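Student: Can you walk me through the cross-links in this one? Start wherever you like.

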Amino acid sequence: MKRIVFLSFTFILALGCYSTRLNPYQVWSSLETPAAFSESELWVFVVLDKNGAIKQRLTLKFADAVAETCASDEWKKVEIVDEHPQRSGSFLGEPAYYLNGAALIVDLSANLCDAGYELKGQLTEVGIHGEHYPVSMFGGEIQGSFYGVPVNDN
């Protein structure tokens, strides 16, 4: 009897913890890709730390070419045209991006398995905003936010 009560209690507790709420990435991926995003256009991303201080500035150019990554899905190449400060360290890899609706993921080291660094955000008609964090087989804690806008290179 105690076992039945325990199992019933565990089942009810598990049901109470279950959420049908979609995470932001799922919502963004269900939206149409904004016309503001196009390949071969320059974008400037400003990466902020948890306190809102500027951590890095990246100028990126998105390509239509397929990138080599350890991830499934079709990731494409992104070129880092300029960055300040320069990235460094043993996990310096090749960047790539994945676009799904209005959800954009830029992995700064996409070719390194279980050692990525992602900027994941929502594209809008005026730019992008989101969060960044390391990616490993153990997960990764959010390190801050980022913002980006397309820039005219003419």
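Tutor: Start with the disulfide (a pair of cysteine sulfur atoms within 2.5 Å). Cys-70 and Cys-113 are joined by one, with an S to S distance of 1.8 Å. This is a predicted model, where local features need pLDDT of at least 70, side-chain atom pairs count only at pLDDT 80 or more, and totals for chains, interfaces and linings use all residues. Residues are numbered from 1 along each chain as its sequence is written, and side-chain values use heavy atoms, with hydrogens and water left out.

Student: Which parts of the chain does the pair of Cys-70 and Cys-113 link?

Tutor: Distant ones, 43 residues apart. Cys-70 sits in the loop between S2 and S3. Cys-113 sits in the loop between strand S5 (103-107) and strand S6 (116-123). Strands here are DSSP runs (E, at least two residues), numbered from the N terminus.

Student: What's the handedness of the Cys-70 and Cys-113 link?

Tutor: Left-handed, with -75° about the S-S bond.

Student: How many disulfides does a search of the whole structure find?

Tutor: One.

Student: OK, switching to charges. How many salt bridges does the structure hold?

Tutor: Four. A salt bridge is a side-chain nitrogen of Lys or Arg within 4 Å of a carboxyl oxygen of Asp or Glu. One of them pairs Lys-50 with Glu-141, at 2.4 Å from N to O. Lys-50 lies in the loop between strand S1 (42-48) and strand S2 (54-66), and Glu-141 in the loop between strand S7 (128-135) and strand S8 (144-151), so the bridge ties together parts 91 residues apart in sequence.

Student: Are Lys-50 and Glu-141 buried or exposed?

Tutor: Both are exposed. Cut-offs: buried is under 20% relative accessible area, exposed is over 50%, partly exposed is in between (1.4 Å probe, protein chains only).

Student: What does Arg-57 form a salt bridge with?

Tutor: Asp-82, with the closest N and O atoms 3.2 Å apart. Arg-57 is in strand S2 and Asp-82 in strand S3 (residues 76-84), so parts 25 residues apart in sequence are tied together. Arg-57 is partly exposed at 34%, and Asp-82 is partly exposed at 33%.

Student: And which residue does Lys-76 meet in a salt bridge?

Tutor: Asp-64, at 2.7 Å from N to O. Lys-76 lies in strand S3 and Asp-64 in strand S2, so this bridge ties together parts 12 residues apart in sequence. Lys-76 is buried at 17%, whereas Asp-64 is exposed at 52%.

Student: Which residues are linked with Lys-76 in a network?

Tutor: Glu-39 and Asp-64, through salt bridges.

Terms used. Helices (H or I, at least four residues) and strands (E, at least two) are DSSP runs, numbered from the N terminus.
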